[in-house]
Structure formats: structure tokens, C-alpha cells
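Hi,

Here is the structure I promised to hand over.

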Amino acid sequence: MIKTKVKASRNYTVITGRRLIGRTGKLIEEIRPFAKKILIVSESRVAPHYLARVKASCEKSGFEVYDYVFEAGERSKNINTIAGMWGAMAKAGFTRTDLIVALGGGVCGDMAGFAAATFLRGIDFIQIPTSLLAMVDASIGGKTGIDLAEGKNQVGAFWQPSLVIEDISCLDTLPEGVFIEGMAEVIKYAFIMDLPLYNLLCENTLGSLRSDPLLLEKVVGMCVKDKAHVIENDEHDNGIRQTLNYGHTVGHVIEKNNNFRLPHGICVAKGMGIMIDACERNSTLSYEDASNMKDLIKAYGLPVSDEITPEQAVAGAMNDKKKRGSILSVILVNKIGHSQIKNMTHKEYLEFLK
Ligand SMILES: NC(=O)c1ccc[n+]([C@@H]2O[C@H](COP(=O)([O-])OP(=O)(O)OC[C@H]3O[C@@H](n4cnc5c(N)ncnc54)[C@H](O)[C@@H]3O)[C@@H](O)[C@H]2O)c1
Ligand SMILES: [Zn+2]
């Protein structure tokens with residue numbers, strides 16, 4: 001078991017280990033002894049596997065437990081689902097000392113977190129991420145929110161969880177394709193800030209990660225430490241947190257150009273591949289590092305290129321919500337394990353990608 005402390009506007013612990021969900025009740029009791037009611041928010045693909053166990057554990061610790069299960073998928077990430085959660089809590093008479101538990105992937109965590117941030121102007125919430133992406137990324141750092149018809153994650157709040165319980169055993173039921181998608185974010189940490197993680201990933205394979213729980217726990221734990229480090233230094237995304245956007249500026253445009261039919265992780269991998277090529281062409285990354293990086297992405301079953309043109313990539317980036325004025329913050333990796341934020345005008349960015 002690995003415990004990582006996150007120091008932010010609210011300090012909390014991320015516990016990464018195996019067979020943890022059966023201990024949910026006890027873990028909550030330790031940090032919130034005065035809570036009475038718990039709303040477990042989950043979704044239709046995760047709930048059949050894990051809801052009963054989490055619920056039983058919370059009930060055993062004496063909590064009054066309610067659940068709210070929505071239909072799995074990004075399409076549910078909207079205000080109607082949030083209204084359902086608010087209504088469930090209001091009906092059950094939740095007070096400020098009660099709390100929400102998010103049991104699911106990033107969609108579930110982002111929404112349960114947003115409901116927690118807004119109900120009674122803010123109640124506590126606990127993350128139990130069940131996808132690889134949610135374990136290494138979405139459940140840590142307090143970005144919560146929903147999508148609008150006009151764009152993804154357009155409404156939300158910074159609201160940190162009070163505890164994150166990462167049970168690696170839950171990844172056993174995660175479909176292979178969704179696991180591979182999560183690997184794009186794992187590889188991202190290796191490239192931008194974690195050479196030991198890069199080496200560990202090179203020494204192993206997708207198969208060994210999936211079949212060796214201790215190895216997987218170690219890899220997830222390393223990513224959690226990386227994310228915690230970033231959050232501690234820049235909770236509100238004004239500096240170093242932007243480095244987590246590596247591969248995402250191009251990736252988001254590819255996602256949009258494909259009407260969100262291509263999964264996020266696939267688009268991020270393509271985005272990283274395009275940035276690697278661009279850095280190599282601009283002589284800011286060695287040929288050796290560039291080919292090693294692309295080999296690693298491919299070794300974990302992910303793509304490294306896309307038909308998107310530099311013009312399309314630049315036009316799409318100009319609409320990105322992360323853009324500040326007319327300047328783009330472009331994340332570059334100039335050496336494996338090190339990243340840099342470079343501010344570029346759209347003209348400079350176009351030159352860079354060409
Ligand atoms: N808050 C943040 O900092 C942050 C960071 C990255 C991504 N996100 C958000 O996270 C979301 C993507 O997260 P995701 O990839 O986890 O999506 P998701 O929650 O939709 O989960 C992906 C798929 O895996 C299934 N699933 C999850 N856990 C499972 C399990 N243990 N067993 C079987 N099936 C399981 C889900 O039902 C879904 O079909 C996006 O909405 C994105 O905006 C947020
Ligand atoms: Zn991402």
C-alpha cells in the first residue's frame with residue numbers, strides 16, 4: 001500500500017493499494033467521525049461490480065447510506081445528472097457534515113465532485129476511482145465539472161476531495177481498450193517529469209502491468225506522486241500544472257475534429273507523437289529521445305500520428321479554453337523526464353508544427 005499526501009487548499013491522502021474498497025467505511029470514519037449520511041455516486045457499468053461492497057462497508061461503520069447511479073458515459077456528464085444528485089441529497093436531509101463518495105471513472109468523479117462543491121455551498125467528497133485514468137489523473141487535484149453542448153468541462157469548480165481510495169483490484173474489470181487509454185496519461189508523466197517511471201515502463205509491457213498487481217500499484221503510485229507534486233506547486237493551473245497538458249493541446253483538437261468518437265487517451269497519444277516530431281524537427285529534442293519516446297507509446301498499444309494538418313491544429317488551439325489571450329502555452333519535452341512551457345503566438349506555433 002502506498003500513501004501519498006497532497007498539500008493543497010485542503011490537504012488529503014491518496015491511498016493506493018489492493019482490496020481497499022471493503023475498508024471504505026473504516027477509512028471514512030477515521031477522517032470524518034461526525035459524518036452521518038453518505039451518498040455513493042456511481043454509474044451503470046461500475047455499480048454492478050463494486051457498489052454493494054462499498055455500501056456494505058459504509059453501513060457496517062454506522063453510516064446512513066444512499067446511492068445515485070447514472071448511465072455510464074460522457075453523455076451523462078451534464079447538469080441533469082447533477083440535479084439528480086442534489087435532489088437525492090436534499091430529499092434525504094443531507095447537512096454540511098455529510099458527504100459524497102464517487103465510485104467510478106473520471107466522468108463519475110468530476111460530477112460527484114461538482115455536486116459536492118455546490119450542494120449547501122460545499123460538502124466533503126471522497127474519490128474511489130475505478131479507471132486507470134481516474135486513478136492517475138482525474139481523481140487528484142480537485143478539478144470538478146460538467147460538459148455543455150458547446151464544449152467539454154465548460155462549467156465547474158476547484159474542489160479538492162477529502163480522501164482518495166485507489167483500489168488497484170478494481171482495474172481487473174476495466175476493458176483492455178480503456179486501460180490502454182489510461183496508459184497515455186501514465187506515459188505523459190514519464191515524459192514530462194519522471195525518468196524512473198519512463199525506465200520502468202520501458203522494462204515492462206502492457207501484459208506484465210495488467211498481470212502483476214504489485215507492479216501496477218507501483219506505477220500508479222508513481223503517477224500519483226507526480227500529480228501531487230504538480231498540484232502542490234500550482235493548484236489553480238497558472239504555471240507548472242499546465243505541463244500536464246502535454247500532448248493535449250493537439251489532442252483536444254483531434255478529439256473535436258472527430259466529433260469525440262475517438263477516445264481521449266488515443267488523441268493524447270497522437271498529440272504527444274505530433275509534439276515529439278515537431279520538437280525533433282525544430283532540433284529541440286534529440287533523434288534518439290524522439291524515437292525512444294514514440295517506441296514507448298507504440299509498445300503500449302497507442303498511436304503516434306494523425307492526419308491533422310498544422311493549420312487545423314493551430315486553428316483548433318485558438319479556441320481552446322486553456323488559451324490566455326492570443327498567446328498559447330505550448331508544452332514541450334526537450335529531454336525525457338523534463339518539460340518546458342513555451343509561450344507562442346499562433347504564427348510561431350504554426351511554424352513550429354510545420
Ligand atoms: N478532473 C480532472 O482533473 C480530470 C483529468 C482528466 C480527465 N478528466 C475527465 O475524466 C473523464 C474521463 O475519465 P475516464 O476515462 O475514467 O472515463 P469514464 O468515467 O467514462 O470511464 C471509462 C469507461 O470505463 C468504464 N469503467 C470505469 N471503471 C471501470 C471498472 N473498474 N470496471 C469496468 N468498467 C469501468 C466506464 O463505465 C466507462 O465506460 C472525462 O470526462 C474527463 O474530462 C478529469
Ligand atoms: Zn488527459
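Which helices each supply at least two residues of the shell around ligand 1? They are α4 (106-118) and α5 (132-138), where helices are DSSP runs (H or I, at least four residues) numbered from the N terminus.

Before the rest: this is a predicted model, with pLDDT of at least 70 needed for local features and 80 or more for side-chain atom pairs, while totals for chains, interfaces and linings use all residues. Residues are numbered from 1 along each chain as written, chains are lettered from A and ligands numbered from 1 in the order written, and side-chain values use heavy atoms, without hydrogens and water.

Ligand 1 is surrounded by 24 residues (a heavy atom within 4 Å), and the closest are Glu-43, Arg-45, Glu-74, Ser-131 and Thr-173. That shell divides into 10 nonpolar, 6 polar and 8 charged residues (Ala, Val, Leu, Ile, Met, Phe, Trp, Tyr, Cys and Pro count as nonpolar, Asp, Glu, Lys and Arg as charged, the others, Gly among them, as polar).

Some polar contacts (N or O pairs within 3.5 Å) stand out for a first look. An N or O atom in the side chain of Arg-45 is 2.5 Å from an oxygen atom of ligand 1. A nitrogen atom of the ligand lies 2.8 Å from an N or O atom in the Thr-130 side chain, and a polar side-chain atom of Thr-173 is 2.8 Å from a nitrogen atom of ligand 1.

Best wishes

How values were computed:
Polar contact = N/O pair within 3.5 Å; in protein donor to acceptor, adjacent residues only side chain to side chain.
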